[in-house]
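Me: I have a structure here that I would like to go through in detail. Could we discuss it feature by feature?

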Amino acid sequence: MTIRKIFALMLGLGLMAAAPTQGIAALAQGAKAPDFTLGAALGGKPFSLNLQQSLKKGPVVLYFFPAAFTSGCTVEAHLFAEASDDFNKLGARVVGVTAGNVERVAEFSKSECRDKFAVAADPGAKIAAKYETTMQIPGKSMLSDRTSFVIAPNGTILLSYTDRNPQAHIEKTMAAVRAWKAKQG
């Protein structure tokens, strides 16, 4: 083996060791969404968020993200904020949930979510675990993986989508909400 191949192999193994390990697959479409109550904030104002109560108003776009104020999570929050009015017009509400930087969800809801949707704190990723969307980063605590769900008012999961890239989450969830709305006729 040449020095170049050995170096490439070592570099590849090093990068793999630094990458987050993947958790088990998220709850599937058609499953019943686990209910929860978490401390949350909207526009920086704290409140108690209960999924079943939220579903009484229409479908919920529930998205899990690793940590507030990280680059990908900030991009995703901005994209969901920009799309919030369109989700609201379709009768859906967006809710973000994170296990990372939980002490900063009020600040994140105001600055990065632009007062458009609620963000809930999930200390220890307990709710993320119920939704089977956790990841462990070596040397750090359990976090929620970047996974979006669309949940119908009856609690059925209409969409389950996991992708570390935040871009497609808005498109996928919007399409699922539009499909649900079309069936309501």
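**Backbone, salt bridges, pocket and a helix residue**

Reply: Arginine 114 counts as partly exposed, because its relative accessibility is 38%. Please note that this is a predicted model.

Me: Where is arginine 114 placed?

Reply: Arginine 114 is in the loop between H4 and S6. Its phi is near 55 degrees, a positive value in a residue other than glycine.

Me: How accessible is phenylalanine 69?

Reply: Phenylalanine 69 has a relative accessibility of 25%, so it counts as partly exposed.

Me: Changing topic: how many salt bridges does the structure hold?

Reply: There are six salt bridges in the structure. One of them joins arginine 146 and glutamate 76, with the closest N and O atoms 2.6 Å apart.

Me: Which parts does the pair of arginine 146 and glutamate 76 tie together?

Reply: Arginine 146 lies in the loop between strand S8 (142–144) and strand S9 (147–151), and glutamate 76 is in helix H3 (residues 71–89), so the pair ties together parts that are 70 residues apart in sequence.

Me: Are arginine 146 and glutamate 76 buried or exposed?

Reply: Arginine 146 is buried, with a relative accessible area of 6%. Glutamate 76 is also buried, its relative accessible area being 0%.

Me: What does lysine 116 form a salt bridge with?

Reply: The partner of lysine 116 is aspartate 85, and the closest N and O atoms are 3.2 Å apart. Lysine 116 lies in the loop between helix H4 (105–111) and strand S6 (118–121) while aspartate 85 is in helix H3, so this pair ties together parts that are 31 residues apart in sequence.

Me: And the accessibility of lysine 116 and aspartate 85, what is it?

Reply: Lysine 116 counts as partly exposed at 36% relative accessibility. Aspartate 85 counts as partly exposed as well, at 39%.

Me: Which side chain meets that of aspartate 115 in a salt bridge?

Reply: It is the side chain of lysine 110, at 3.9 Å from N to O. Aspartate 115 is partly exposed at 39% relative accessibility, and lysine 110 is partly exposed at 47%.

Me: How do the lining residues divide into nonpolar, polar and charged?

Reply: The lining of the largest pocket has seven nonpolar, six polar and three charged residues.

Me: Last topic: where does threonine 173 lie?

Reply: Threonine 173 lies in helix H6 (residues 167–184). At 0% relative accessibility, this residue counts as buried.

Me: What does the side chain of threonine 173 reach?

Reply: The side chain of threonine 173 reaches the backbone oxygen of histidine 169 at 2.8 Å. Not counting residues up to four places away in sequence, threonine 173 touches Val61, Phe80, Phe87, Ser148, Val150 and Leu159.

Methods
Residues are numbered from 1 along each chain as its sequence is written. This is a predicted model: local features need pLDDT of at least 70, side-chain atom pairs count only at pLDDT 80 or more; totals for chains, interfaces and linings use all residues. Side-chain values use heavy atoms; hydrogens and water are left out. A salt bridge is a side-chain nitrogen of Lys or Arg within 4 Å of a carboxyl oxygen of Asp or Glu. Helices (H or I, at least four residues) and strands (E, at least two) are DSSP runs, numbered from the N terminus. Buried means under 20% relative accessible area, exposed over 50%, partly exposed in between (1.4 Å probe, protein chains only). Ala, Val, Leu, Ile, Met, Phe, Trp, Tyr, Cys and Pro count as nonpolar, Asp, Glu, Lys and Arg as charged, and the others, Gly among them, as polar. A polar contact is a pair of N or O atoms within 3.5 Å; within protein, one must be able to donate a hydrogen and the other to accept it, and residues adjacent in sequence count only if both atoms are side-chain atoms. Contact means heavy atoms within 4.5 Å.
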